[in-house]
Amino acid sequence: MEGTLSPLPALRAILAPRGEQRLRRGHPWVYRSDLLELPQRAGIGTVLAPDGEVLTTALLNPDSQIAVRDLGRDWSERALEERLERALALRSALHIDGDAYRLVHGEGDRLPGLVIDRYGEVLVIQNGAAGFEPQLEGVIRWLAQRLAPRGVLARHDQASREREGLPRECRVLLGEVPQQLQVWEAGLQLLVDPYRGQKTGAFLDQRETRQRLGQLAHGDALDVFCYQGAFAVHLARSPAVRSLRCVDTSLPALRQAAANLARNGVGPQRARLVRANAFRELPELAAKGQRFQTINLDPPALARKRADLPAAYRAYRELNRRALALLDVGGLLCSSSCSFHLAPTLLEQLVAEAAADLGQSLRVLERRAQSADHPELLGVPETRYLKTILVERIR
Ligand SMILES: C[S@@+](CC[C@H](N)C(=O)[O-])C[C@H]1O[C@@H](n2cnc3c(N)ncnc32)[C@H](O)[C@@H]1O
């Protein structure tokens, strides 16, 4: 039977030496180019070393760049439930201050390709691995039994599904899922659109950093790439923040940001929403002599593939330079990058270069990553995709 170690699953892949080395070093992915023999189809199967030794069980897909996603030798039908239970146990142990969080984070929970986000009573699921698709039924059954959600939505509209040979769709799998959900985060209310919002509706990976920045922010604050105002509500809550300016190119995102701010008692006299391209807006503000004491930069991934890195590095550096040009001495810059190709050291380097270019000195207050409900696998850089540096201008 597929999904168990005994009897052996019919599907198999044979690794080339480079693939074997990678897997033995603890990386859960092997690329198609590092296979000697491809599996016949997508599914769960056995992975063999070049000499025929059985190494592990994995999600296999001959049509995907990532042809092998390791499930571990201990994979079985029961392992699915055990891993879901462990994922849930971790989130309870984290004492998350809010009811919107990531319940399952793919490889970080030993469930490759699977994401489950919880928005209060509603769950949003995304599966990005063809080999896992037949397991979804079992996942939904477990979710229904353990969490009794009001509804489960499959946000299977991401482009990566096509690369796996999977259909793209957005479909309610269980119960009912309203168009707008109201969740809370550290005592603040946020509206989320699970059908059309980015990712599964919101950027849950920045939850902890939003809270932290809200605690440290002061003066006139600028939230660049504000999306639906999730950082803005935290910034606006602080009595130390005098005014807030939020910038994004997306009109629907800004409308939702206005609604989120209003829900939390922040009116247009305190928070201004501006539809603009950040790369142009920042120098325009500088030309008008505007200065800020808190700036948040949370751009979209500028390096989506490795080849984009040199250009993305220059774009991130320029963006940070334009932001720093608006920052007063004593002011804070919270600068993030969600491109996993841009290593944390590179983010620090480009912020340092931007500061040096302006003759500024920055001190590091914090180095941050994605929230703890998006666990990273040590030694697997792809799983540490979000990094943030929080600096203070001291000169
Ligand atoms: C990573 S999201 C921001 C997430 C947000 N900070 C949060 O915590 O919910 C990036 C945002 O940048 C916006 N965006 C993309 N390119 C932009 C540009 N050139 N100027 C301004 N906004 C842009 C997108 O519309 C999107 O809302």
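First, the ground rules. The model is predicted, so local features need pLDDT of at least 70, side-chain atom pairs count only at pLDDT 80 or more, and totals for chains, interfaces and linings use all residues. Residues are numbered from 1 along each chain as its sequence is written.

Overall shape. The protein has 10 helices and 20 strands. Those are DSSP runs, numbered from the N terminus: helices are H or I with at least four residues, strands are E with at least two. The radius of gyration is 22 Å, close to the 21 Å that the globule rule gives for 395 residues, so the protein is as compact as a globular protein of that length. That radius is taken over C-alpha atoms, and the rule is 2.2 Å times the number of residues to the power 0.38. Along the principal axes, the C-alpha trace spans about 70 × 45 × 35 Å.

Domains next. The assignment gives domain 1 (12-70), domain 2 (77-182) and domain 3 (203-393). Such bounds come from an automatic or database domain assignment. The C-alpha centres of domains 1 and 2 are 25 Å apart. How many residues are in contact there? On the domain 1 side 11, on the domain 2 side 10. Contact means C-beta atoms, placed from the backbone, within 7 Å. On the domain 1 side, β4 (43-48) and β5 (54-60) each supply at least two residues. That side divides into 5 nonpolar, 4 polar and 2 charged residues. For these classes, Ala, Val, Leu, Ile, Met, Phe, Trp, Tyr, Cys and Pro are nonpolar, Asp, Glu, Lys and Arg are charged, and the others, Gly among them, are polar.

Now the sheets. One is open, with 5 strands in the order β7-β8-β9-β10-β11 and mixed pairing. Two strands pair if DSSP finds at least two bridges between them. The edges are β7 (100-105) and β11 (169-175), each pairing on one side only. β10 (151-156) runs antiparallel to β11, with 6 bridges joining them. One to find on screen: H156 has E169 of β11 as its bridge partner.

Another open sheet has 7 strands, ordered β16-β15-β14-β17-β18-β20-β19, again with mixed pairing. β16 (271-275) and β19 (362-369) each have a single partner strand, so one side of each is left without a neighbour in the sheet. The twist averages 15 degrees from one strand to the next. β18 (327-337) and β20 (387-393) pair antiparallel over 6 bridges. L332 stands opposite E392 in β20.

α9 (309-324) touches β14, β17 and β18, at about 155 degrees to β18. α6 lies across β14 (219-224), β15, β16 and β17 (292-297), at about 170 degrees to β15. Axes are lines fitted to C-alpha atoms, for helices over the stretch in contact, and angles run from 0 to 180 degrees between N-to-C directions.

Terms used: Two residues are in contact if their C-beta atoms, placed from the backbone, lie within 7 Å.
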